[in-house]
Structures are given as C-alpha cells and as structure tokens.
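Visitor: I would like to look closely at one part of this model and see how the rest of the chain relates to it. Please start with the whole and then move to the detail.

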Amino acid sequence: MKSFKKFILLLIIMSSTVFTGCSECNNENPRARVTNLGSEEVSVQVKTTGGNTENINTIEPGKASEFRSYSPGQVTYTIVLKNNEEIVEEVEMGFCADYEIIVDQDNEVRTTSTDRE
C-alpha cells in the first residue's frame, strides 16, 4: 500500500511538471487587430519599432480587421476616421500576446491584450 501511495504521488508530480513546464507560445511575435465599434469606417496606419509601416484600409462599423503579426516593441497606430479625424494610439507589444485596438461608439480608442499560452 505504501508503494502504491508513492507511485500515485510520483505520478501527480510528473503530471504537474509536464503541464506547467510546457507552453505553446515560445517567444512568438505579438499579434494585433483593430475592431471598429464606431459609426464610421476607419483606416489604420501601423508603424512598428523597426520603422516598418503597414496600412489596414476600410474597416466598416461593427467589423474587425484580421490579426496581423508585428515585432515586439513600441507600435504606433494612426486611426483615420471617414471625416479625416486622426486618432493616435501607442502600444508597447510583448511576445506571446494578442492585442485588440478598439474604436468605440464615441471614437475613443482603448487597447486590450490577452496572453497566448
């Protein structure tokens, strides 16, 4: 009986090591998308830390862009509303995270992030 208890304890320890020691995300670049909850279409210019610029054009109200992957670091989004008003948002992006840049009903911008595991 004593060896059975030791076996069960060893099995529990090995299982917890396997589950806590493995992560599906291994220093993968962050991803981000823009969700437009406002009343006007928006377009977005993305500038990454490395100086790359990418444009995501015409995100209709109630829609979201596809996720795009970027190098970690400071990313600047310039969101242009249909009336040519510009909203600038800077986000520090880290490895293994998904970011959502949200334009709300009042055309205010907020950012949420979720860790990928």
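Visitor: Of the 117 residues of the chain, what percentage count as buried? After that, please take a close look at the salt bridges of Asp 98.

Guide: The model is predicted, not determined by experiment. Of the chain's 117 residues, 32% count as buried. The chain has one helix and eight strands, and along the sequence they follow the pattern α-β-β-β-β-β-β-β-β. Among contacts with a separation of 6 or more, 51% are between residues 24 or more positions apart.

Now to the part you asked about. Side chains of opposite charge can pair when their charged atoms come close. The structure holds five salt bridges, and Asp 98 takes part in one with Arg 31, where the closest N and O atoms are 2.9 Å apart. This pair links distant parts of the chain: Asp 98 is in strand 7, Arg 31 is in strand 1 (residues 31-36), and the two are 67 residues apart. Asp 98 has a relative accessible area of 14%, so Asp 98 counts as buried; the cut-off for that word is under 20%. Arg 31 has a relative accessible area of 30%, so Arg 31 counts as partly exposed.

Asp 98 also forms a salt bridge with Arg 116, again with the closest N and O atoms 2.9 Å apart. Arg 116 lies in the segment after strand 8 while Asp 98 is in strand 7, so this bridge ties together parts that are 18 residues apart in sequence. In this pair, both residues are buried. Glu 28 joins the picture as well: Glu 28, Arg 31, Asp 98 and Arg 116 are linked in a network of salt bridges.

Asp 104 is found in the loop between strand 7 (97-103) and strand 8 (109-115). Asp 104 is buried yet has no salt bridge. The nearest side chain of opposite charge is that of Arg 110, 5.1 Å away; a salt bridge requires the atoms to be within 4 Å. What the side chain of Asp 104 does reach is the backbone nitrogen of Asp 106, at 2.9 Å. Leaving aside neighbours within four places in sequence, Asp 104 is in contact with Leu 37 and Gly 38.

A further salt bridge joins Glu 54 to Arg 68, with the closest N and O atoms 2.1 Å apart. Glu 54 is in strand 3 (residues 53-59) and Arg 68 is in strand 4 (residues 68-69), so this pair links parts of the chain 14 residues apart. Glu 54 is partly exposed at 25% relative accessibility, and Arg 68 is partly exposed at 27%.

Strand 3, which holds Glu 54, leads on to a sheet. Strands of a sheet pair through backbone hydrogen bonds, either parallel or antiparallel. Here four strands form an open sheet in the order 3-2-5-6, and the pairing is antiparallel. Strand 3 and strand 6 (86-93) are the edge strands, each pairing on one side only. From one strand to the next, the twist averages 20 degrees. Strand 2 (residues 42-47) pairs with strand 3 over five bridges, and Val 44 stands opposite Ile 56 of strand 3.

How values were computed: Residues are numbered from 1 along each chain as its sequence is written. This is a predicted model: local features need pLDDT of at least 70, side-chain atom pairs count only at pLDDT 80 or more; totals for chains, interfaces and linings use all residues. Side-chain values use heavy atoms; hydrogens and water are left out. Buried means under 20% relative accessible area, exposed over 50%, partly exposed in between (1.4 Å probe, protein chains only). Lys and Arg count as positive and Asp and Glu as negative; His and the chain ends are not counted. A polar contact is a pair of N or O atoms within 3.5 Å; within protein, one must be able to donate a hydrogen and the other to accept it, and residues adjacent in sequence count only if both atoms are side-chain atoms. Contact means heavy atoms within 4.5 Å. Two strands pair if DSSP finds at least two bridges between them. Axes are lines fitted to C-alpha atoms, for helices over the stretch in contact, and angles run from 0 to 180 degrees between N-to-C directions.
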